[in-house]
Amino acid sequence: MVDNNINKKQIVTYMPENLQEALEIIDKDEVIILAGGTDLMVRRKSPSGLIPKFDKNTLFVNNIEELKNINKDDNYINIGAGCTLSQISDNSIIPDYVKEVISDFASLGIRNAATMVGNICNASPAGDTLPLLYALNAKLVIKSLKEEKIVDIKDFITGPGRHILNKNEIVTEIKIPLENFNKFYYKKVGTRKATAISKLSFVGIARLKANVVEDIRIAFGAVAATIVKSDDLEKRFVGKTLEEINSIKGDITDEYAKLITPIDDQRSNKNYRKKVAINLLNDFIKQLS
Ligand SMILES: Cc1cc2nc3c(=O)[nH]c(=O)nc-3n(C[C@H](O)[C@H](O)[C@H](O)COP(=O)(O)OP(=O)(O)OC[C@H]3O[C@@H](n4cnc5c(N)ncnc54)[C@H](O)[C@@H]3O)c2cc1C
């Protein structure tokens, strides 16, 4: 049966050409913000052959040039919200570990349309860029007509599909702190190599000097309602040699196991997710040497 509800309300499509225009629109009207549309078009799909159902006015952000910049300042790499994953990956200032995560994301066609900010705002625990962005302590620039604020990604996402953005606000930029790491470990566990949604994922990054851990970040995707990352547990590695870490490894993995609370769904089950997550953590620790 064809649902004709869509015809009952006139839907307006806004295509602002600059950020000021977009901010003025969202200040007056409640809209759905559409970037690449790779989540929204699927979430709002209609029976085959019919146009997707958008029940609110829609604001396309992909004509806004100010959102397409990638640059570096003294403290951050700044990625505009309108940059597609392919544009991010093709840019020479983007670190290789960001490119590695993007290369396992969907297929080239999707990466040519999808944005990293869309992945963040979709706020799925299985969003592939999220463990990396949490591990890097990324921040988001949020703008409304009247103010600009910068929030940590961990404070932005509040649950599956949920975030703190108000109706009159838009994410304009991702800020990745500039830091040096000499270890990077990433695993996406999916049904197949390409175009698979993660059963779970793991990111481990670290900086070691003369066998001592100076900095370490550990993040798990799709094993809880939001990304699992613990500053407290990371601190237990810092200042320790690899030999010292080996002797406390069991305690630390037990603590992580308490934070890993996956669900059963069509892609996997909680026992598998938990076991593989802890195996990946152990493998990362082993590969620090
Ligand atoms: C075939 C296929 C394969 C996929 N594979 C993967 C995969 O491997 N890994 C993965 O993580 N995801 C995957 N996805 C999901 C999707 O591609 C990603 O989540 C993508 O990053 C979404 O970006 P987008 O620009 O298309 O977002 P959109 O669909 O345009 O928007 C997604 C959400 O973000 C909001 N939004 C977008 N931009 C802004 C902004 N500037 N400010 C505020 N809110 C904003 C929208 O309102 C919406 O709620 C796949 C999707 C498809 C269709």
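Let's start in the loop between helix 6 and helix 7, where Ala 123 has its place. Helices here are DSSP runs of H or I with at least four residues, strands are runs of E with at least two, and both are numbered from the N terminus. This is a predicted model, in which local features need pLDDT of at least 70 and side-chain atom pairs count only at pLDDT 80 or more, while totals for chains, interfaces and linings use all residues. Residues are numbered from 1 along each chain as its sequence is written, and side-chain values use heavy atoms, with hydrogens and water left out.

Ala 123 is not a glycine, yet it has a positive phi of about 55°. Ala 222, found in the loop between strand 13 and helix 9, also has a positive phi, of about 65°. As background, most residues other than glycine have a negative phi. Pro 125 sits in the loop between helix 6 and helix 7, and it touches Ala 222 along with Pro 160, Gly 221, Ala 224, Ala 225 and Ile 227, leaving out residues up to four places away in sequence. Touching, or contact, means heavy atoms within 4.5 Å. Pro 125 and Gly 204 are 79 residues apart in sequence, with their C-alpha atoms 17 Å apart in space.

Buried means under 20% relative accessible area, exposed means over 50%, and partly exposed is in between (1.4 Å probe, protein chains only).

| Buried residue | Relative accessible area |
|---|---|
| Ala 123 | 2% |
| Thr 172 | 7% |
| Phe 105 | 9% |
| Ala 222 | 12% |
| Pro 125 | 19% |

Helix 4 runs over residues 96-103, and its buried residues are Tyr 97, Val 98, Val 101 and Ile 102. They cover an arc of only 145° around the axis, so they are on the same side of helix 4. That arc is taken from the directions between the helix axis and the C-beta atoms. What covers these buried residues includes helix 3 (85-90), helix 5 (108-111), helix 6 (116-122), helix 7 (130-135) and strand 11 (183-189).

Phe 105 lies in the loop between helix 4 and helix 5. Setting aside residues up to four places away in sequence, Phe 105 touches Leu 85, Ile 110, Arg 111, Asn 119, Asp 128, Thr 129 and Lys 188.

**Around the ligand**

A polar side-chain atom of Asn 119 lies 2.9 Å from a ligand oxygen atom. For Asp 128, a backbone N or O atom is 2.7 Å from an oxygen atom of the ligand, and for Gly 36 a backbone N or O atom is 2.8 Å from one. Taken alone, the ligand exposes 990 Å², and the protein buries 88% of that. Accessible areas come from the Shrake-Rupley method with a 1.4 Å probe, and for residues only the protein chains shown count as cover. Of the 29 residues around the ligand, Ile 33, Thr 38, Asp 39, Thr 115 and Asp 128 come nearest. A residue is near a molecule or strand if one of its heavy atoms lies within 4 Å of it.

Lys 229 lies in the loop between strand 13 (212-221) and helix 9 (231-235). Its side chain makes a polar contact with the side chain of Asp 231 at 3.0 Å, and another with the side chain of Glu 234 at 3.0 Å. A polar contact is a pair of N or O atoms within 3.5 Å; within protein, one must be able to donate a hydrogen and the other to accept it, and residues adjacent in sequence count only if both atoms are side-chain atoms. Not counting residues up to four places away in sequence, Lys 229 touches Tyr 134, Ala 135, Asn 137, Arg 217, Ile 218, Ala 219 and Glu 234.

Thr 172 is in strand 10 (residues 170-177). Leaving aside neighbours within four places in sequence, Thr 172 has contacts that include Leu 19, Leu 67, Ile 79 and Val 141.

**The whole chain**

The protein chain has 11 helices and 13 strands. Its radius of gyration is 20 Å, close to the 19 Å that the globule rule gives for 289 residues, so the chain is as compact as a globular protein of that length. The radius is taken over C-alpha atoms, and the rule is 2.2 Å times the number of residues to the power 0.38. Buried residues make up 47% of the 289 residues. The accessible surface of the chain comes to about 14,500 Å², with 48% of that belonging to carbon and sulfur atoms.
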